[in-house]
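Let's walk through this protein together, from the whole chain down to a few single residues. Keep the sequence and the 3D view at hand as you read.

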Amino acid sequence: MYRGKRCREVVERGQFDELSIAMAARLRQQVVDAIAEGRFDYSKRFPDSTTAKRLLAMEVGQEQAVSAEHAPKNIHYMTVAEGVEAWLKTQSSGKSKSTAINYRSRARHVLQRFGDRRLTDVTTQELQQFRNQLVRSRANPAGLSPKSANDVLTVVRGVWEDARKNDITLSNRADGITNHRMEVKSIADPFDLDEMQKLLWADPQNMASARMVVCNCWLGLSRSELIALAVEDIDLPRRKISVRRAFVQGEHKAPKVLSRAREIDVLDPAVDLLRQILTDAQHAPIEEIEVTHLDNLTIGKEQVRLLFRNPRTDMPWSPSALDRWFKKHTAKAGVRYRGVNQSRHTFASRALSNFAEPQWLIRQLGHTDDQMLRNHYGKWMPSEMTAASSAVMALDKVLSNKWNEHRDQPNAEVEARRAHVA
């Protein structure tokens, strides 16, 4: 049932058997779930469907009618609300779903402040005051964080830049509105080895989910990359994992930047855990998933066996369901709660504390440079001090030997100065 009507679609596999029926049933359930969650896209799911084409034509017609009804008779009388909506529509193409949702959410602050006013009537001074009042401060404890405030300012600059380009205003009145400076603060709050053991054994009835999180403390994947991992991505004989997709806002998509599509090394502590995880997933069903490519426009299809599933529903994990489970699991394990993504930060912090080669770690995490490493993962782990001490001792020995060699064999200029001092 979609929009109050029963819809039927034909799916073909080339033969009619129990597997075909099972695959069709699973596809139907995915569609039903997507409709219930408000993220079903008929044209994307069934691109050749006549029903999809009919619905799309109806939606286009309705949008055109609404646009015609609400379009200003004179563009110079365009309100901020109309300008925001026009800008949001231009930003929806070629942007990731999560980015488009974030823009629309942040635009609410602009609408609340200026929505009914004309674009031409809002001054640069008012926009500057709006910027200053957005952010959290002693005088405004209910304000936004600097990052969220800067996201709102992105909308502001975009809307008034559109106004300039359309000759509604002579200049972009938001040109001088700068972002708030953000304090660099490490987001790493790693799990120590004792906590990892507690997390692993806290719930013998659900070892598969516990292995997933603890194993990631040795892999360093993001939460969205972890739950999108498939059996086909693991190459244990080579001790490699291919990171090819992430699960974000209800859809599989290619990593957001090219560096995030990578092949990572599997360290020794992860090998045994991965063997167990692959054993758990050996009967996982093969399913066809759609993967949105890096351009956020084209879509590919993959046949995969996803590694991790929610034991309560037997469906692949969603980020929110995984977060809810992990919060309960940390309480059961007696471990102070931190989010699932701290397993990634644990890997990075432990590697840094053991003097891992920075370039290797940057590639393992999928970063483009060392900025994230320095700003967010630079958390020293005291529990790793034994390894650190031995590394420092080795460094001390090498440097001392070099210094002693030069001290024992001074050059002519140094000899002359020694003689002069004597």
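A contact here means heavy atoms within 4.5 Å. What you are looking at is a predicted model, where local features need pLDDT of at least 70 and side-chain atom pairs count only at pLDDT 80 or more, while totals for chains, interfaces and linings use all residues. Residues are numbered from 1 along each chain as its sequence is written, and side-chain values use heavy atoms, with hydrogens and water left out.

First, the confidence. Where pLDDT is low, the predicted coordinates should not be read in detail.

Now the overall build. Helices (H or I, at least four residues) and strands (E, at least two) are DSSP runs, numbered from the N terminus. The protein has 17 helices and 9 strands. A residue is called buried under 20% relative accessible area, exposed over 50%, and partly exposed in between (1.4 Å probe, protein chains only). Of the 422 residues, 38% count as buried. Among contacts with a separation of 6 or more, 64% join residues 24 or more positions apart.

Let's take helix α12, residues 319–333. The expected span of a helix is 1.5 Å times one less than its number of residues. For the 15 residues of α12 that gives 21 Å, and its end C-alpha atoms are 21 Å apart, which agrees. Which residues of α12 are buried? They are P319, A321, L322, W325, F326, H329, T330 and A333. These residues cover an arc of only 160° around the axis, which puts them on the same side of α12; the arc is that of the directions from the helix axis to the C-beta atoms. An α-helix has 3.6 residues a turn, so residues three or four places apart point the same way. On the other side of α12, K327, K328 and A331 are exposed.

The cover over the buried residues of α12 includes helices α8 (193–201), α9 (207–216) and α10 (223–227), along with strands β3 (246–248) and β8 (309–310). T330 has a relative accessibility of 1%, and it touches L199, V335 and Y337, not counting residues up to four places away in sequence. Just after α12, G334 takes a positive phi of about 70°.

In α4, V80, G83, V84, W87, L88 and Q91 are buried. Seen down the axis, the buried residues of α4 fall within an arc of 135°, so they line one face of the helix. Their cover includes α5 (97–114) and α7.

Helix α7 spans residues 146–165 and holds N150, which is buried with a relative accessible area of 7%. N150 and N179 are 29 residues apart in sequence and 5.4 Å apart in space, C-alpha to C-alpha.

Finally, the cysteines. How many disulfides are there? Taking a disulfide as a pair of cysteine sulfur atoms within 2.5 Å, the count is 0. The sulfur of C215 is 8.9 Å from the closest cysteine sulfur, in C217, too far for a bond. C215 is buried at 2% relative accessible area, and C217 is buried at 1%.
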